[in-house]
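Please view the sequence and structure below before reading on.

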Amino acid sequence: MEMFLMTFTSGVMVGGIYALVALGWVLIYKCSGVLNLAMGEMTLIGAYVSLSFYSMGIPFLLALLFSLIIGLVLGILTERIFLDKLIGEPVLTVIMVTVGLSFFFKGTVELIWGTDTRVFTPPVFSIEPIHIGPVIVGQAYLWSFVAAIILLIVFVCFFKYTRWGLAMQATADDEMAALSLGVSARFVYAAAWAIAFMAAGVGGTLLGNINGLNISVGYLGLLVLPAVVLGGLNSVPGAIVGGIVIGVLQNVCGAYLDKYFPGGVKEVAPFVFMVIFLLFKPHGLWGWERIERV
Amino acid sequence: MSTTWLPCGVYHQDYHQDHGWWQTKFIKGKMILLFIILFVVIPLFADSYSLSVCNQVGYTVLGALGVQLLIGFCGQITLGHAAFIAVGAYTSTLLILEFPWPKFMMDFGVAYPLSILIAAFAAGIWSVLFGLPSARVKGFYLILTTMAAQFITVDFIITGYVSQIGGRGQAFSLPPGTIKVGPWVIDSDLKVYFMMLVLVISCVVVMVNLLRSKVGRAWVAIRDNDISAEVMGINVVKYKLYAFYVAGFIGGIAGAFWISNLAAISPEHFPWFWSLWLVGVILIGGVGSIHGTIFGSIFMVVVMELLQLGVMQFMDTSWGERLFMDFLFLKEAAFGLAICVFMIFEPNGLAYRWWQMKNYFNLWPFSY
């Protein structure tokens, strides 16, 4: 039981980070209809940028802030250079451009930073574990979870209460109506990419703090796909719930099924789950069910 | 398959001509010339390096044909085709290494060709298994399930279980002399080249003929609009699964062929990158065109080789050496950029340009 509680807690903690990245994904999809497969590499870029700043001796929070700014710039640039020209193109074209982007980002990151695992030195969070009742949690996990939750709240408030956030919601809901009311769709697309880049960067930084940073963090970014499928592609609460569920599922499967199926159950379980889930409920928990007409 | 305009003054008078393989004498001559170049000129004059580049092109064509069938002709986007290629390669390897072939079959060199066939069937069935979700989901969701096929097959089943068979560790090495087709032991680039030619040509011919048949027309109807295809009485699920089967079959052939060129196979030969690479090949070549598959393969392989040669020019500088060491990463970045640029500026691919050029010359000097 204790083991279950432990894996469950650490699953929830990691799931918080996935939820953050998944939120960025859903945002892009909601606002501009782009199905983004470059999310993993966006987490990589943000993580490496903040690691570089941090190892230059800048305090962690400031390094994170810098990586947010760079994420903002990169997001706007990506949208303007690549995605802006593809509005109205078929789905496959847009998806493949994001795949192309993912390889471009990944190759660039590997060329600049290499493939060795890097760690944040000195460690940002102390390695003393914290006891919460019977459960022992690593500090990195706990603080990452807290940071992810704070950012999630900030983002959700941003959508609900600010002018820009409302403009983004309006565009997501009905682009034509939003355009006629004077919302600039191009601005909204750029903002969506910028926010997604920033969210991914924070997610990547936190993940890098937990396990050290190498290319496989980009693979963790792919885990947002099962998360968003579970929650429904265009649902913000769905992304949050999906991220946490996937985190828990991954850890619990890793802990319990590894005995029976050795060799990477932890990596595969979310995808297996996703395939089975798709067969029964392809629109996710809270996604819109689009009625197709010929 | 009358996709090009005929030259001025040439008209078809019945449907047979419309469906002909070689519609004019000029095209026939051109194809014979192509065959002469492929079978005589290249083997005579090419050195080992260019032959190995040709083999890579052939492997890419074989792999991309299945992807082209699924994406370009049936509209089922797949991002996990390397899994089926891997299934083919591993089936063939295991059959060669572990199956107790009778002595005479080994002597006559039947074992490897037979294993290619069995590998193709196995990969086809595996592909249908992961095509099953296509009955319920499409578009982006199907992309996700095919992605899952890649991770489940290669990263989990093959790495964790299949690789452990026989206790060889991660890589299966093929002892020289085991890969034998008839009386020939496939041990040089030239022999691989000829085998590649035979396989590529037969696969292309089968594909083109399939596309001219009832099945092919059903696929195209599903691609264009699956709901109206269903209304017209096409069993959509059945034909989608056919498409997955044939695509997996060709992928299996590709994998089983490629082991003849590798001394040892391991799961790293079939990464997710390779699946995406194949999709990139058909996008750059042109979606929905057999020409496009071949042009895309040639383009991607040759551009990457040229890039490598270009980097090698700067070997004496320190950054050039580093780039050469990290060439794989440079290749990834260049591939990504190439896809983006093609999608934005040339969304119809190379085949479209080729088609335009052909039409220009067909109608030259007096276009209608």
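Angles between axes under 35 degrees count as roughly parallel, over 145 as roughly antiparallel, 65 to 115 as roughly perpendicular and the rest as oblique. Axes are lines fitted to C-alpha atoms, for helices over the stretch in contact, and angles run from 0 to 180 degrees between N-to-C directions.

## Basis

The model is predicted: local features need pLDDT of at least 70 and side-chain atom pairs count only at pLDDT 80 or more, while totals for chains, interfaces and linings use all residues. Residues are numbered from 1 along each chain as its sequence is written, and chains are lettered from A and ligands numbered from 1 in the order in which they are written. Helices (H or I, at least four residues) and strands (E, at least two) are DSSP runs, numbered from the N terminus.

## Helices α3 and α8 of chain B

In chain B, helix α3 (residues 48–73) packs against helix α8 (residues 189–211) with the axes 9 Å apart and an angle of about 20°. α3(B) and α8(B) are therefore roughly parallel to each other. Their crossing is left-handed; that is, the near helix is turned anticlockwise from the far one by less than a right angle, clockwise being right-handed.

Two residues are in contact if their C-beta atoms, placed from the backbone, lie within 7 Å. Residues making this contact include B:Leu51, B:Gly58, B:Leu65 and B:Phe73 of α3(B), and B:Asp189, B:Tyr193, B:Met196 and B:Cys203 of α8(B). The contact of α3(B) with α8(B) has 16 nonpolar residues, four polar and one charged. Here Ala, Val, Leu, Ile, Met, Phe, Trp, Tyr, Cys and Pro count as nonpolar, Asp, Glu, Lys and Arg as charged, and the others, Gly among them, as polar.

## Helices α13 and α15 of chain B

The axes of α13 (residues 290–313) and α15 (residues 327–345) of chain B come within 11 Å and cross at roughly 130°. α13(B) and α15(B) are therefore oblique to each other, and their crossing is right-handed.

From α13(B), B:Met304, B:Leu307, B:Gln308 and B:Val311 meet B:Phe327, B:Leu330, B:Lys331 and B:Ala334 of α15(B). Six of these residues are nonpolar, one is polar and one is charged. An α-helix has 3.6 residues a turn, so residues three or four places apart point the same way.

## Interface of chains A and B

Contacts link 37 residues of chain B to 38 residues of chain A. On the chain B side, the elements giving two or more residues are α7 (140–160), α10 (226–231), α12 (272–285) and α15. α7(B) gives the most, with 12 residues. The chain B side divides into 26 nonpolar, seven polar and four charged residues.

## Helix α8 of chain A

The expected span of a helix is 1.5 Å times one less than its number of residues. For the 27 residues of α8 (residues 185–211) of chain A this should be 39 Å, and the end C-alpha atoms are 39 Å apart, which agrees.

A residue is buried if 20 or more other C-beta atoms, placed from the backbone, lie within 10 Å of its own, exposed if 12 or fewer, and partly exposed in between. α8(A) is mostly covered, with 22 of its 27 residues buried. A:Gly212 follows α8(A) and has a positive phi, near 85°.

## Two single residues

B:Arg223 lies in helix α9 (residues 214–224) of chain B. With 19 other C-beta atoms within 10 Å, B:Arg223 is partly exposed. B:Arg223 and B:Gly75 are 148 residues apart in sequence, yet their C-alpha atoms are 4.3 Å apart.

A:Pro59 sits in the loop between α2 (39–55) and α3 (60–83) of chain A. A:Pro59 counts as exposed because it has 11 C-beta neighbours inside 10 Å.
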